[in-house]
Amino acid sequence: MTVGENPATSYGAYPARRLRRLRRTPALRRMTAETRLAPADLIAPLFVREGITEPEPVASMPGVVQHTIASLLVEAKRLVDLGVPALLLFGVPSRKDAVGSGASDPDGICQVALRALRGAVGDDLVLIPDLCLDEYTDHGHCGILDRYGAVDNDATLERYREVAIAQASAGADLVAPSGMMDGQVGAIRDALDTEGHVGTGILAYAAKYASSFYGPFREAVDVEIAGGGDRRSHQQDPANAREALVEVALDVAEGADIVMVKPALPYLDVLAAVRDAVSVPIAAYQVSGEYAMLAFAAERGVLDREQAAFETLTSIKRAGADLIVSYLAAEVAEILTSHPRR
Ligand code: PBG
């Protein structure tokens, strides 16, 4: 090559196009980033436990607690200040029974917490109660059992209708059915409309897999599935991706306002396929086991917690999620708001 020749022109063995130019400085990388995380992308899952006077740490999820009503309200106000738009609420009752009565009791922990939250933050936070029975049943299943001990789909739908009405009456903006019963979105939409809650929406756990990554969550909500059972008869087989599109299409047809894929990181292919298939907002749930892997690895010094948090959440957004439910929500929003160049 002679002096003055255009270096962008291919010359012998040297590459003409140099992608490294745009990666050279943090400012160049920031300017050309295709995906940006913002506090508004995040939904914080929170646990509230009946009958405790101090927040209770969840040992399987370092940094996560079961809240009292009082500490829940403090955390909710913090989310508002950080620009996180929504929380997903799980109630942990002090009494459980075969039909999960506490889930639909107007004075059940979730309903009490929803009313307190609405009083504390008004409409500044979107309140989304998880709609399921497993936290409230003494057998730990997500529904009513038939006489053979199997989860009875249609009897469970009747209970979900009652839970939806209780949650909507207590002030839920959206309810989030997570039990993977067939027809649950349609049944809940019908119940809400019949009772005049036409403005209450549904965030449907649409493609929810039977996953080992829910392990730590069971401690957070004090759930033990009777007889060492599992949820494979209703949650999806991890082997199946096309089936997720059937689930999602049904939920949208039944009236889901937002559809969710869960877990997130092991199912990014499913998330991308769902993104291509529907135009409603899509959420992804970075579940307890995904959080625990990251938190424990960081505790042991083998991963950088902040970098791993941003990498995983950015990847989930890149794959197609509009919203991400994550136990890292407040922490990441805190970093984003205090370091605007992050
Ligand atoms: C069911 C429910 C589960 C999770 C959210 N809703 C547990 C399950 O399906 O067994 C898991 C959330 C997590 O692991 O973070 N109510």
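Author: Start with one term. A polar contact is a pair of N or O atoms within 3.5 Å. Now use that cut-off. In this predicted model, a nitrogen atom of the ligand is 3.2 Å from an N or O atom in the side chain of Ser178.

An N or O atom of the Asp134 side chain lies 2.7 Å from it. Gln235 turns to an oxygen atom of the ligand instead, with a polar side-chain atom 2.8 Å away. How much of the ligand does the protein cover? On its own, the ligand has 400 Å² of accessible area, and the protein covers 100% of that. The space the ligand takes is the largest cavity.

Next, the shell. It holds 19 residues, and the closest are Lys208, Arg218, Lys262, Ser288 and Tyr327. By type, the shell has nine nonpolar residues, seven charged and three polar.

The whole structure has eight aromatic pairs. In one of them, the ring centres of Phe47 and Tyr327 are 6.1 Å apart, and the planes meet at 15°, so this pair is stacked. The two partners are 280 residues apart in the chain. Phe47 belongs to strand 1 (residues 42-49). Tyr327 sits in the loop between strand 10 (323-326) and helix 11 (329-338).

A cis peptide bond joins Lys262 to Pro263, with omega about -10°. Pro263 is in the loop between strand 8 (258-262) and helix 8 (268-277). Why point this out? Because most peptide bonds are trans.

One more backbone detail. Met180 is in the loop between strand 6 (174-177) and helix 5 (184-194). Its phi is near 60°, a positive value. Most residues other than glycine have a negative phi.

Conventions: Residues numbered from 1 in each chain as written. Predicted model: local features only at pLDDT ≥ 70, side-chain atom pairs only at ≥ 80, totals over all residues. Heavy atoms only, no water. Near = heavy atom within 4 Å. Polar contact = N/O pair within 3.5 Å; in protein donor to acceptor, adjacent residues only side chain to side chain. Areas by Shrake-Rupley, 256 points an atom, 1.4 Å probe, with all protein chains shown as cover. 1 Å grid on protein atoms, 1.4 Å probe; cavity = no way out; pocket = protein on both sides within 12 Å on 5 of 7 lines; lining within 4 Å. Sits in = over half its atoms within 2 Å of the grid points. Nonpolar A, V, L, I, M, F, W, Y, C, P; charged D, E, K, R; others polar. Phe/Tyr/Trp six-rings, centres within 6.5 Å; stacked < 30°, edge-to-face > 60°. Helix = DSSP H or I, 4+ residues; strand = E, 2+ residues; numbered from the N terminus.
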